[in-house]
Every structure is written in C-alpha cells, then in structure tokens.
Amino acid sequence: MLFRSQNQPFYASLSKALTDEVTAYHGIRGKAVFRYAKTQSPKEFADHFAALQDKVDVIGASAINHDRVSQAVAAARNAGTPTFAMLNDFALDSRVTYIGLDNYKLGRLAGWIMTNVVSGAGTIAVLVGSSLWHGHQLRETGLRAYFRERAPNLRLQDTLLNLETRQVTYEVVLEILETLPDLRGIYIAGGGVEGAVQALRENCAPADIKLVVHPLTEEIRGALRDEYITSIISTPVQTLAASLVDEMATFALGKGPQNRPQRLLKPQILFPEYP
C-alpha cells in the first residue's frame, strides 16, 4: 500500500483498517505492507512503485496524477504487479480500477451544503492540496459548477494551495481571515483541516465561518461538535478498506475482471447535530 503521509491521522486509520481486512480476508494468507511518500514529488511516488513491484503481489495506492507516476504503474503491471487506485484516481491507462468516492459529486454536494448554511452575500475560499491531485481538482470543479448555477450571491475566491499540511493550512487561513472581510465560508478539498480549525478557534466564534471538509478523524470530529466545522463529507474508511482488499484479492486469485473502470462508494455526511 502506498499513501501520501504517515503522519496524517486519516491515513493511519486507513492503514489499520486495511491491515485488519487483509488479515481477516478468507481465501488468502496475506500481509499488508505500507510505504508513505514524504513529499508530493512525482519521482518519489514513482520510486515507491518501483520498490513495491518486487515485494508484493498487488499494490493499492493513493497517488498523484503525473506522467512519471503513470509510467511507473505501467511498468509495475508489466512486471506482474497490478495497481489499484483509491481516494484519488490516477494512471487511468494502467491501473486496474479505482475505489473511492465520486469526487465531482462531492464538490457539488459541498456547494449545496455551503449555499444552504451561508446567509447573505460574501466570499468563499477554496483550498486544495496541489494541482497534482485529480480528485481535488474534480471536487473544486464540482463546487464551482454548483456555485455558478445556484449561488450568484456568493463569490468563490481564487483557489489556494495548502499542501495538505497543518502548518501551511493554518497560515493560509490566517491570511484569508485578515484579507477577506466578507469571508463567509471555507472549503478544503483535501487534508490539513486541523490547521484551519486552529486558526478559526483562535480568531472566530463557533459557526462564524462555515467550514466544509472531507477527512474524518477524532480531532476533526471534535471540531464538528464545537461547530468550527459545518459539515464533514467523508470516505467511509472501513467500507473503503473492505472494498479495496476484496478487489485486490479477487484479482490476484484470478476470479475477477482484469479491468473495471471504478467502484464508487457512498460518502458519510456528518453535521454538528449528528457528529
């Protein structure tokens, strides 16, 4: 398995869920092996795929979209080690399938929530991890499409990068709080949510700024209870883990299709009154 960061609580939770699913899966004697990218460098992701292809039978990964990554995934498959994309779809020509949420629909859903909780005119800020995460771009596209259609009174700020880190997100949110007096809401398409919550706790009352996010961790759930987060549209981690392991095991055992475009899951949607 290959993920973005070992230090993010969401990926730690997913890693545990995958380990449990592999151990419990009937019909195989498997072991989950994990590698974590320290950066968003295409070379680092490609190097991880190259290293994994000789050590495992199948690869499950959440990786960036880049030609160098696609080439590494194709090379691994040609060497007999297929890749399954999760959370973010990548290497579409060479991965076996994608398991996760419909990211475009997630963006539209975030737009619907935002327009129904924000009163009056104002500005909405949008944060993405980087331009290399296709899932983040789809979420942003869905959000902007919904706003164009349904929210003429709300202005979407130019998209900001937060690198999915707590510190960068904290600094970005502090800056927009200082420079956007008509700020009404913030949408974060990826990680780093904890930094936004910290900035809001230090400068705003609960529910002053509407914050819609995706990752679900205990810290983020606590911010939802305190109403510093308006809604969490999360990936159901256990369902994702079970679906991914089932797809990988079925393929490895030769019992499933060699290619299936995607296996879409339903999001888990939480609000302060139902955290």
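Q: This is a predicted model. Is the crossing of helix 1 and helix 9 left-handed or right-handed?
A: The crossing of helix 1 and helix 9 is right-handed.

Q: At what angle do the axes of helix 1 and helix 9 cross, and how should I read that?
A: The axes of helix 1 (residues 9-24) and helix 9 (residues 237-252) cross at roughly 45° and come within 9 Å. That makes helix 1 oblique to helix 9.

Q: Which residues of helix 1 and helix 9 meet?
A: Helix 1 brings F10, S13, L14, A17, L18, E21 and V22. They meet V237, Q238, L240, A241, A242, L244 and V245 of helix 9. By class, this contact has 11 nonpolar, 2 polar and 1 charged residues.

Q: Which residues are buried in helix 7, and what covers them?
A: Helix 7 spans residues 193-203, and its buried residues are V193, E194, G195, A196, V197, A199 and L200. Their cover includes helix 1, helix 6 (166-179), strand 9 (183-188), strand 10 (210-213) and helix 8 (218-225).

Q: How many aromatic pairs does the whole structure have, and what describes a pair?
A: Two values describe a pair of aromatic rings: the distance of the centres and the angle of the planes. A search of the whole structure finds 8 aromatic pairs. One of them, F10 with Y11, is edge-to-face, at 5.5 Å centre to centre and 70° between the planes. F10 and Y11 are both buried.

Q: Why is the pair of F49 and F90 tilted?
A: The planes of F49 and F90 stand at 45°, with ring centres 6.0 Å apart, so the pair is tilted. F49 lies in helix 2 (residues 42-52), and F90 in the loop between strand 4 (83-86) and strand 5 (98-100), so the pair ties together parts 41 residues apart in sequence. F49 and F90 are buried.

Q: Which residues form one aromatic cluster with F10?
A: F3, Y11, F34 and Y36 form one aromatic cluster with F10.

Key: Residues numbered from 1 in each chain as written. Predicted model: local features only at pLDDT ≥ 70, side-chain atom pairs only at ≥ 80, totals over all residues. Heavy atoms only, no water. Axes fitted to C-alpha atoms, helices over the stretch in contact; angles between N-to-C directions. Helix = DSSP H or I, 4+ residues; strand = E, 2+ residues; numbered from the N terminus. Parallel < 35°, antiparallel > 145°, perpendicular 65-115°, else oblique. Left-handed = near helix turned anticlockwise from the far one by under 90°. Contact = heavy atoms within 4.5 Å. Nonpolar A, V, L, I, M, F, W, Y, C, P; charged D, E, K, R; others polar. Buried < 20%, exposed > 50% of the residue type's maximum accessible area, 1.4 Å probe, protein only. Phe/Tyr/Trp six-rings, centres within 6.5 Å; stacked < 30°, edge-to-face > 60°.
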